[in-house]
Amino acid sequence: MTQPTQTIQAIAVSPGIAIGRVLRLRSHSHLLEPEPHKLEPGEVESELNRFHAAQELTRKQLTELRERLRARLNSQDADIFEAHLLLVDDKMFVGAVEKGIREDLYTADYALYQAAEHFAAVFNGMEDEYLRERGSDIRDVAARIMDNLSEAHNHEIGLDDRRIIVGSSLSPSETAQLDQSKVLGFAVETGSATCHTAILARSMKLPAVVGIPPELPESLSAADKLILDGYTGKIIINPDARTEEAYRLKAEAAGALYNKLEQEKALRPETTDGFMIQLAANLDTPEKIDEVRQSGACGIGLFRTEYLFMNRLKVPDEEEQLDVYKNLLVASGEHPVIVRTLDVGGDKLNSNLYRAAEQNPFLGLRGIRLGLHERRDLLETQLRALLRAGIYGNLRVMLPMVSSVQEVQDVREILDQLTAQLDREGKEHVSRLSLGVMIETPAAALLADRFAPLVDFFSIGTNDLVQYTMAIDRSNERVAYLYRPTHPAILELIRRTVEAARQNNIWVSVCGQVAAEVRVVPLLVGLGVHELSMPPASIPMVRRAIRSMSMHEAEKTAQEALRCSNSSDALALSEALVRRCAPEILNI
Ligand code: PEP
Ligand code: MG
């Protein structure tokens, strides 16, 4: 049964329009207890067959996933699926399920649930941390098989057409695994524009919305058709033909504008009165380097190295990291590549392979804190790889989640030790790394004048700066309405940061999501930011905005915005300038 036509307003987090049928997502990490139905003895054989068919399908999906990750990441990230594949065929595990069906006359679902819970409990009781983690692998694999036992197939398989995923949540690591050839976009309950799932969606060019009503996924079936508008956050369920046509035209118009703007990639991103703003790309996975080059970016303004560490069983070692950084540097030629040291924590990479669970991970041992305290080994390995990679290009390194000057001094000390160590080992390396800090805590922004003499650059991470200044969890859709980068408090922190940089002759970039928001670009330019770093797909639009305005107008607008009392007034001033000089980019 399909639903009647209905419109739902959610929160837009990744632009674009998707039109297609629904794929309901079931979280693999939650293995729900099925009803313990008993079989009639005559049903045993067909139930065993059903289990074996689901097992076979799971094997196929996992092999596909492993191959896809191998092709993408040329690393051991695929290991995790290798381990899952072994579990699918594990004799003890499979034997226990078969016994449950054959001897206890349980349905395949219940027998599978029981076997998974039994083995998960055994692993969880082990002392070795590595083996304890395998407990969640068992549940993960069982949940996949369970999906394949039921009608609700999961998102990687058997689809003959591309679908729109609708579900409760998608973690960054699940999003990284989505097969773009089978997924049109997604609508989930949890998240916000700056959560890492949304950041990945933009990088994968998948339209996405968050904040859907919790009951929506359950109320839809594969027969329902959706329009998902990643510009406005609207979802239209089973649209009529006229509405669908209107959205198809909107998608075409957006595509045509994008193609037109792409033709301008060789043009300098400078204001009409000749001030150049560097436009750089944010990169999450190294294989996207080609997209970066095609976008006309002046280099990589933020390489989020967390994704090198995601979906794998082993931490990447120094040689593997060296290889990745070297390849990026070589591919970027003279252009700068800013590599951010591992920013574990918050909504990223909370696997206990890296850190213990915390009640408030956004306020916990995140980013540079982890490297300086509990996991010095991770920081040192990464810095050694970076010192060695530096000889291959224009490398800059930046530190995430900095909140006190001591942290920078500590990293400098470690760098000195590592340099001496590499000398002793006779390994080639740069003698000095260009070092910057992310300005993403209010403390760092307020003390920018103390940080500036110690570093070579600042990069303002507005995603976190807004989170910590406004006291809102960036992954919580219920406070997403408070995510306002034009809030006067944020503008004031940016102003102070730029001022401190100017007085110390260092440069400032903005690498948070706001750098790609054309309505806000006049304020960033007018406040004196030198570089904007964003997903490659956003560069053409921002270039057009910059080339259409003068620095004089942008500065005037920014000064006025700084005097505003609330974010909407400041945004209105900025948007008015874009509307005057480049209305075409606001018309989507
Ligand atoms: C930021 O906080 O703005 C930023 C760019 O870093 P991340 O989104 O990875 O936390
Ligand atoms: Mg951040």
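Helix H13 (residues 376-389) packs against helix H14 (residues 405-425) with the axes 10 Å apart and at an angle of about 60 degrees. The model is predicted. Besides this pair, the briefing covers the packing of H3 with H4 and the protein donors of the magnesium ion (ligand 2).

**H13 and H14**
- The two helices, H13 and H14, are therefore oblique to each other.
- The crossing in which H13 passes H14 is right-handed.
- H13 contributes Arg376, Leu379, Glu380, Leu383, Arg384, Leu387 and Arg388, which meet Val411, Ile414, Leu415, Leu418, Thr419, Gln421, Leu422 and Glu425 of H14.
- By class, this contact of H13 with H14 holds 8 nonpolar, 2 polar and 5 charged residues.

**H3 and H4**
- Helix H3 (residues 91-102) and helix H4 (residues 108-124) have axes that come within 8 Å and cross at roughly 140 degrees, which makes H3 oblique to H4.
- H3 passes H4 in a crossing that is right-handed.
- On the H3 side, Met92, Phe93, Ala96, Val97, Gly100 and Ile101 meet Ala108, Ala111, Leu112, Ala115, Ala116 and Phe119 in H4.
- The contact of H3 with H4 comprises 11 nonpolar residues, 1 polar residue and no charged residues.

**Magnesium site**
- Glu440 sits in the loop between strand S13 (434-439) and helix H15 (442-446), and Asp464 in helix H17 (residues 462-470), so the pair ties together parts 24 residues apart in sequence.
- Glu440 is buried, at a relative accessible area of 2%.
- Asp464 also counts as buried, with 2% relative accessibility.

How values were computed:
Residues numbered from 1 in each chain as written. Chains lettered and ligands numbered in written order. Predicted model: local features only at pLDDT ≥ 70, side-chain atom pairs only at ≥ 80, totals over all residues. Heavy atoms only, no water. Donors = N, O, S within 2.8 Å, 3.2 Å for Na, K, Ca; no water. Helix = DSSP H or I, 4+ residues; strand = E, 2+ residues; numbered from the N terminus. Buried < 20%, exposed > 50% of the residue type's maximum accessible area, 1.4 Å probe, protein only. Axes fitted to C-alpha atoms, helices over the stretch in contact; angles between N-to-C directions. Parallel < 35°, antiparallel > 145°, perpendicular 65-115°, else oblique. Left-handed = near helix turned anticlockwise from the far one by under 90°. Contact = heavy atoms within 4.5 Å. Nonpolar A, V, L, I, M, F, W, Y, C, P; charged D, E, K, R; others polar.
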